[in-house]
Amino acid sequence: MTAPHSLLIKPVVLALAMLLAGCAVGPTYEKPVMASPDTWKEAAVAEGWVPAAPADAMDRGEWWKLFGDEDLNALAERVQVSNQNIAAAVASYDQAQALVREQRAGLFPTLGLSGNARRSGDRTVPIVAGSAGVSLDAGWTPDIWGNLRAAVNSAQAQAQASAADLAAARLSAIGLLATSYFSLREADAELILLDDTIEGYQRSYTIARNRYEAGIAPQSDVLQAQTQLVNARAERVALKRTRDTLEHAIAVLVGAAPAQFQLAALTAWKPVVPSVPLGIPSTLLQRRPDIASAERAVEAANAQIGIARSAYFPSLTISASAGTTSVRWQDLFSAPQLVWSFGLAASQVLFDAGAIGARVDAAKAAHEGSVARYRQTVLTAFQNVEDQLTATASLAQQEALRREASVAADKTEQQFLNRYRAGQVSYTDVVTAQASALSARRTVLQLQVSRQAAAVGLIQGLGGGWDAEWLRGDGEAVSTR
């Protein structure tokens with residue numbers, strides 16, 4: 001006769017053998033293949049952008065420091081600490097990490113302790129009955145088909161995607177800060193320019209009025225000078241409003257109420273357009289956080305296929321318990337009262353009218369969709385970089401030409417003003433020359449800031465300052481610099 005304990009051992013040995021054999025039903029993940037060009041098409045015409053050296057091809061760290069502005073550096077540090085969009089991304093990343101730990105916990109047995117006590121009686125019978133019990137319960141669902149491990153892999157990929165989203169949020173917030181800050185400094189420079197221009201227009205108005213009062217110029221000259229002066233003052237009011245709006249936007253980016261934030265105006269500001277290593281196009285697939293996030297979504301979707309397929313196979317659950325029960329408290333832990341149990345349960349779906357197959361097909365379709373989104377993200381990234389390279393080259397050429405035009409316009413303005421004083425031209429010619437000179441000066445300022453904005457856009461397009469070790473196969477560590 002077979003011993004009772006041998007009947008219990010055989011199922012355990014069988015279960016362990018099946019577990020060790022392992023039979024993962026999910027497809028092996030393969031990163032989507034995406035061909036990348038050998039060089040950047042527009043790199044040859046983009047002045048100031050140089051090939052990357054091996055030391056800087058993967059990480060530029062605090063890229064905003066390339067612009068050499070201490071105020072911007074201080075604001076960027078505040079953004080990383082206090083920006084609420086970044087805070088939300090950090091919370092999402094923490095949540096994703098917690099989900100990974102939750103899924104990993106499913107690979108291990110669960111252990112629980114329970115107890116109970118009861119007393120009962122009847123008023124007609126002077127006897128009180130009671131019972132008490134303590135039980136230690138354990139349960140385990142072996143990962144025979146790999147569905148639990150697939151769930152862990154899916155959660156881990158989603159956590160890595162969340163890390164990339166966090167890096168993207170930081171890159172976007174600091175990029176928006178930089179462009180807003182440069183626009184504010186442009187407004188400061190234009191305000192100084194307008195102040196100087198208004199002083200010049202005031203002198204021109206005085207000259208026209210003196211000539212009119214002397215009877216050597218018509219009143220229309222005075223009215224034109226007055227109109228030009230008042231319009232310049234109105235432009236200054238509008239420009240001040242623009243600066244205030246930009247200051248409010250920067251306050252929100254650094255996590256402060258606009259009423260509690262102020263950025264002092266600069267009397268002298270010299271914009272810097274940095275030279276940034278381009279790197280080869282293939283590094284874009286490792287440097288752009290949106291590409292990294294899309295690729296992680298592909299792996300998560302791939303794991304979901306295995307989870308859906310596992311429903312075709314039996315599920316196995318092992319349970320065990322040991323405890324004691326007694327009608328008297330003093331006998332609760334005595335040996336004769338100890339009881340135990342061991343169980344092995346299996347279940348298999350025999351007919352579901354194709355529901356499992358539908359879920360597998362849905363998981364496959366979701367995976368194909370994530371692959372398509374990944375490839376589209378890569379193509380869009382390549383387009384974005386090429387666009388920024390084109391903008392960089394075009395703006396640099398425009399600035400040189402506009403600066404030359406501004407010098408000529410300044411000379412023209414002075415010449416017409418001198419000729420008007422000599423009575424050789426009408427005041428209309430002076431007004432036209434002054435308007436052209438002011439427009440040329442402002443255009444040069446705007447192009448300088450546009451070049452800085454293009455530099456920020458290119459750095460963002462290249463995924464500046466971010467690196468994920470897990471994309472290079474160096475392990476599971478995640479960096480979100």
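Helix axes are taken here as lines fitted to C-alpha atoms over the stretch in contact, with angles between N-to-C directions running from 0 to 180 degrees. In this predicted model, the axes of helix α4 (residues 147-213) and helix α9 (residues 427-461) come within 10 Å and cross at roughly 170°. Since angles over 145 degrees count as roughly antiparallel, α4 and α9 are therefore roughly antiparallel to each other. The contact of α4 with α9 comprises 16 nonpolar, 10 polar and 4 charged residues.

A search of the whole structure for salt bridges returned 16. Among them, Arg441 takes part in two pairings described here. The side chains of Arg441 and Asp410 meet at 2.9 Å, N to O. This pair links distant parts of the chain, with Arg441 in helix α9 and Asp410 in helix α8 (residues 355-421), 31 residues apart. Asp410 has a relative accessibility of 29% and therefore counts as partly exposed. Arg441 also forms a salt bridge with Glu413, for which the closest N and O atoms are 2.7 Å apart. This second pair likewise links distant parts of the chain, Glu413 lying in helix α8 and Arg441 in helix α9, 28 residues apart. Both Glu413 and Arg441 are buried.

A salt bridge is also formed between Glu295 and Arg296, whose closest N and O atoms are 2.8 Å apart. Residues under 20% relative accessible area count as buried. Glu295 is therefore assigned to this class, at 2% relative accessibility, and Arg296 is buried as well, at 9%. Elsewhere, Asp71, Arg185, Asp188, Arg243 and Glu247 are joined in a network of salt bridges.

Arg288 is located in the loop between α6 (284-287) and α7 (289-309). Its relative accessibility is 8%, so Arg288 counts as buried. The side chain of Arg288 reaches the backbone oxygen of Gly461 at 3.0 Å.

Val252 is part of helix α5 (residues 219-253). At 53% relative accessibility, Val252 counts as exposed, because the cut-off for this class is over 50%. Val252 and Asn83 are separated by 169 residues in sequence, whereas their C-alpha atoms are 7.5 Å apart in space.

How values were computed. Residues are numbered from 1 along each chain as its sequence is written. This is a predicted model: local features need pLDDT of at least 70, side-chain atom pairs count only at pLDDT 80 or more; totals for chains, interfaces and linings use all residues. Side-chain values use heavy atoms; hydrogens and water are left out. Helices (H or I, at least four residues) and strands (E, at least two) are DSSP runs, numbered from the N terminus. Buried means under 20% relative accessible area, exposed over 50%, partly exposed in between (1.4 Å probe, protein chains only). A polar contact is a pair of N or O atoms within 3.5 Å; within protein, one must be able to donate a hydrogen and the other to accept it, and residues adjacent in sequence count only if both atoms are side-chain atoms. Angles under 35 degrees count as roughly parallel, over 145 as roughly antiparallel, 65 to 115 as roughly perpendicular and the rest as oblique. Ala, Val, Leu, Ile, Met, Phe, Trp, Tyr, Cys and Pro count as nonpolar, Asp, Glu, Lys and Arg as charged, and the others, Gly among them, as polar. A salt bridge is a side-chain nitrogen of Lys or Arg within 4 Å of a carboxyl oxygen of Asp or Glu.
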